[in-house]
Amino acid sequence: MKEVFQKIEQSRDLIIQLQKELTRRVAIGPENGGDGEYEKTLFIKDALKSLKPDITEEVNVRDERVKTGFRPNLIVKWGKNNPDPSIWVIVHSDVVPPGDLSLWKGNPYEVRVEGDKIFGRGVEDNQHAFVSFYIAIKAILDTDIKLLKHPVGLVVVADEETGSRYGLRYILRYHNVFKKEDLIIVPDGGNEEGTMIEIAEKSMLWLRFEVYGTQCHASTPDKGNNSLYAAAKLIVNLRKLKEIFSEKDPLFSPPYSTFEPTKIEANVENINTIPGKDVFYMDCRVLPSYRLDKVIEEIKKVASSIEEELGVKININTEYRLDAPKPTPKDSLVVKALSEAIKEVKGKEAEIKGIGGGTVAAFLREKDLPAVVWSTVSDTAHKPDEYCLIPNIIDDAKIMAYLMLKRHA
């Protein structure tokens, strides 16, 4: 293990080079105006080819919205003849758009290195995870493949940022990849200390609100009905959801349910027209103790009161819904093994937590597959000037290598 760790510690140049190549291959899904993950996944496939996996399987999911006509997923594995439980690491290839470019100090798709910081869209979410896995498995294979105590697999999935219909959800439905005794790790969330093991997620609900009034000239507002005013009042009134669903659960961070208005669509193009239609969205992360049907019921009550008061029409559509599955048991093998690895590598005790952010681990738990989310993060995902720290990538690689080098039972 000492020899493997030394190789990992000497991987700085490789880490930077991998991040550069991954970042410049833009992998944005069509929902966010991109052309998918093909170029990036092709690079990952070629990079893994030199490590000679026993199994390489491509799962291409049809999607006519992208140039290739499909969304690529990749499954690779070493030690296929080992009968012990497999260790799986699941990463995603897609990234979110950079947002307002003026908030970036450079091109989001050209890596910038300042000391131990690597800047660029996707470097933390979720390229950090792939790079850590890559240098961990490479260090072991460069030392001696016989050191692997378990079969080791990597799954690179598409479409994580927009629902996973073309990614892990498809794989789980049509491919028999995982077993209940496997150790499944999703390095797509965590804390700055690298000690948080996420075993549970809140229910997730994304809603689209369409508010209809009557468009007219701004100088004669009495001849119309301002949909923007109604939408604004609806947003304010929806804050009472925090009072209705006020329970706290210390397992989660934050320990309460959240109901946040987010995206708003453009309405009229000119200043001197009162809008007749406004559209906005809400992101709800709800503690598992509450049913989403009850949340929707309360939201409809609020909307109905606005309709009656202001004479507008409000349509509410569900853009995405995921009811929280049962948590991964605290005493499961993957939790115990990862806790031990964190203790041995970092010298710190692991923290067992739940989160509000959605990851693909929820889809695994739906299938009664015990999965955990863990990583050492700088918490810059989706932000301008997203960055990761090279020492964090190295530490995470050591923890992954520790898991691969130890027998767990």
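Are Phe130 and Tyr134 buried or exposed? Select both: Phe130 is buried, and Tyr134 is buried too. Buried means under 20% relative accessible area, exposed over 50%, partly exposed in between (1.4 Å probe, protein chains only).

This is a predicted model, where local features need pLDDT of at least 70, side-chain atom pairs count only at pLDDT 80 or more, and totals for chains, interfaces and linings use all residues. Residues are numbered from 1 along each chain as its sequence is written, and side-chain values use heavy atoms, with hydrogens and water left out.

**Stop one: the rings**

Stay with Phe130 and Tyr134. Both sit in helix α4 (residues 123-143), four residues apart, about one turn of the helix. Helices (H or I, at least four residues) and strands (E, at least two) are DSSP runs, numbered from the N terminus. The two rings form a tilted aromatic pair, 5.8 Å centre to centre with 45° between the planes. Rings of Phe, Tyr and Trp (its six-membered ring) pair if their centres lie within 6.5 Å; planes under 30 degrees apart count as stacked, over 60 as edge-to-face and the rest as tilted.

The structure holds 10 aromatic pairs. Next, select Trp88 and Phe178. This pair is edge-to-face, at 5.2 Å between centres and 80° between planes. It links distant parts of the chain: Trp88 belongs to strand β3 (residues 87-92), Phe178 to the loop between α5 (168-174) and β7 (183-186), 90 residues apart. Both Trp88 and Phe178 are buried.

Now pick Phe245, Phe259 and Tyr290. Ring pairs link these three into a cluster.

**Stop two: a charge over a ring**

Select Arg112 and Phe119. Arg112 lies over the ring face of Phe119, 4.2 Å from the ring centre. The rule: NZ of Lys or CZ of Arg is within 6 Å of the ring centre and within 35 degrees of the ring normal.

**Stop three: the sheet**

Show β12, β14, β9 and β15. These four strands form an open, antiparallel sheet in the order β12-β14-β9-β15. Strands pair if DSSP finds at least two bridges between them. The edges are β12 (258-264) and β15 (313-322), each pairing on one side only.

Zoom in on β9 (residues 203-212). Nine bridges join β9 to β15 in the antiparallel sense. Phe209 stands opposite Ile316 in β15.

**Last stop: a helix on the sheet**

Select helix α8 (residues 292-310). Helix α8 packs on the sheet and touches β9, β12, β14 and β15. Contact means heavy atoms within 4.5 Å. The direction of α8 makes about 165° with that of β15. Axes are lines fitted to C-alpha atoms, for helices over the stretch in contact, and angles run from 0 to 180 degrees between N-to-C directions.
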